[in-house]
Amino acid sequence: MNLKALADTLGMSKTTVSRALNGYPEVSERTREKVLAAAAAAGYQANPAARTLAVGRSNVLGIIYPLLPADLGDPMFLETVGGMSAALEAAGMNLIIVPVSPANELPTYRQLVRGRRVDGLVVSRTLVDDERIAWLSEAGFPFVAHGRTQLDQPYAWFDYDNAAGIALAVQALRAQGHRRIALLGSPLTLNFARQRRDSFIASLQAAGLVPDPRCLIESAIDRRSGYQAMQELLALVPRPTAVIVDNHLSGVGAVRALLDAGLRIGVDISLVVWGSMADTLAELDVTTIDQPDARAAGATMARMLLARLGGTPAAALQELWQPRLLAGSTVGPAPG
């Protein structure tokens, strides 16, 4: 059944039926209910392309993502996306993930926005200087950033408190007598990595410690680079007595490097990892900086994006959630 046949069945104009189906406020609630009931009984479904042209909406929201090989096996990523998808499905919207190469990321943003293929976007892995967010803001296109960036004008964002999480880890290690602490970090073009590194340095300085530049790694973003970075730290003389890893994917590689070196984690060297390790390294109870409720975080970002579509100002859509430190067996007293 098409729109004309549905309208003929109801004895209404195509315009009235279309407006009722698409939720226009000038249609009475009684008429809307009558049209929706008839459409459901007849199995009517709107043509997506025609609907997009008619109302300027695709009912599709998107994530353009430069996927790393490990992302599809990353439980935190999948939980967050699952929360987004469920919340949008409940609102009658669809979520698409568009994998791209880093070099083609911004052109893909422009293509989807200018082609009206999506109604809004979630911007992930925000950068310190993020041209994606700057371009979307300039274009006036609805988006929510998963993370923050340096931008003069207000924009909608959701994030965990990176500075607070690292400060918790440093405090826990200092309480065990550790003074030579290393940070195994992600590339500093990523905003979370920059914030976590700045907090690490500030926390050490507040404790009267001078950070050793050799103990600041800035290149570990996956298992392989995490393994290599930990080997680099272990080769130092003297080596660190404790290491904080700023992402859980690198954390898996870091743990493997410690085990391969024959070290007792929590005895010979202590370790704290940002992000849950439960599903990736079940044999070891790792002390972690936890980002609670990844699924709820995804649902929150979805609701924020829907609010942007509804006209809520970007400045009113900024949420900072607090991480927590989950004690495990990988932190112990500093070796004498």
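The model is predicted.

## Helix packing

Two packed helices are described by the angle between their axes and the distance between the axes.

| Helix pair | Axis angle | Axis distance |
|---|---|---|
| Helix 2 (residues 14–21) and helix 3 (residues 29–42) | about 90 degrees | 9 Å |
| Helix 8 (residues 162–175) and helix 9 | roughly 40 degrees | within 8 Å |
| Helix 10 (residues 223–234) and helix 11 (residues 248–260) | roughly 45 degrees | within 6 Å |

Start with helix 2 and helix 3. Their axes meet at an angle of about 90 degrees. Angles from 65 to 115 degrees count as roughly perpendicular, and helix 2 and helix 3 therefore fall into that group. Helix 2 brings Thr-16, Val-17, Arg-19, Ala-20 and Leu-21 to the contact. Helix 3 answers with Thr-31, Arg-32, Val-35, Leu-36 and Ala-39. By class, this contact between helix 2 and helix 3 has 6 nonpolar, 2 polar and 2 charged residues.

Next come helix 8 and helix 9. Their axes cross at roughly 40 degrees, and the two helices are therefore oblique to each other. The crossing of helix 8 and helix 9 is right-handed. On the helix 8 side, the contact uses Asn-162, Ala-163, Ile-166, Ala-167 and Val-170. On the helix 9 side stand Phe-192, Gln-195, Arg-196, Ser-199, Phe-200, Ser-203 and Leu-204. The contact of helix 8 with helix 9 counts 7 nonpolar, 4 polar and 1 charged residue.

The crossing of helix 10 and helix 11 is right-handed. Helix 10 contributes Arg-223, Ser-225, Gly-226, Tyr-227, Met-230, Gln-231 and Leu-234. These meet Leu-249, Ser-250, Val-252, Gly-253, Ala-254, Arg-256, Ala-257, Leu-258 and Asp-260 of helix 11. In the contact of helix 10 with helix 11, 8 residues are nonpolar, 5 polar and 3 charged.

## Cavities

Rolling a probe the size of a water molecule over the atoms shows where empty space is left. How many cavities of 30 Å³ or more does the structure hold? There are 2.

The largest cavity has about 650 Å³ of space. It is lined by 31 residues. Tyr-65, Arg-125, His-146, Phe-192 and Gln-291 are the closest to its centre. Phe-192 also belongs to the contact of helix 8 with helix 9. Several elements each give at least two residues to this lining: strand 1 (60–65), helix 5 (75–90), strand 5 (157–160), helix 9 (191–206), helix 11 and helix 12 (294–309). Helix 5 gives the largest share, with 5 residues. The lining of the largest cavity splits into 16 nonpolar, 9 polar and 6 charged residues.

The second largest cavity has a volume of about 40 Å³. Its lining is made of Leu-183, Gly-185, Ser-186, Leu-188, Ala-193, Arg-196, Arg-197, Ile-217, Glu-218 and Asp-246. Which element gives the largest share of the lining of the second largest cavity? Helix 9 does, with 3 residues. The lining of the second largest cavity has 4 nonpolar, 2 polar and 4 charged residues.

## Backbone details

Two loops deserve a look. The loop between helix 10 and strand 8 (242–245) holds Pro-238. The peptide bond from Val-237 to Pro-238 is cis, with omega near -5 degrees. The loop between helix 6 and strand 3 (120–123) holds Arg-116. Arg-116 is not a glycine, yet it has a positive phi of about 55 degrees.

Terms used
Residues numbered from 1 in each chain as written. Predicted model: local features only at pLDDT ≥ 70, side-chain atom pairs only at ≥ 80, totals over all residues. Heavy atoms only, no water. Axes fitted to C-alpha atoms, helices over the stretch in contact; angles between N-to-C directions. Helix = DSSP H or I, 4+ residues; strand = E, 2+ residues; numbered from the N terminus. Left-handed = near helix turned anticlockwise from the far one by under 90°. Contact = heavy atoms within 4.5 Å. Nonpolar A, V, L, I, M, F, W, Y, C, P; charged D, E, K, R; others polar. 1 Å grid on protein atoms, 1.4 Å probe; cavity = no way out; pocket = protein on both sides within 12 Å on 5 of 7 lines; lining within 4 Å. Points joined across faces, edges and corners; volume = space filled by probe spheres on them. Parallel < 35°, antiparallel > 145°, perpendicular 65-115°, else oblique.
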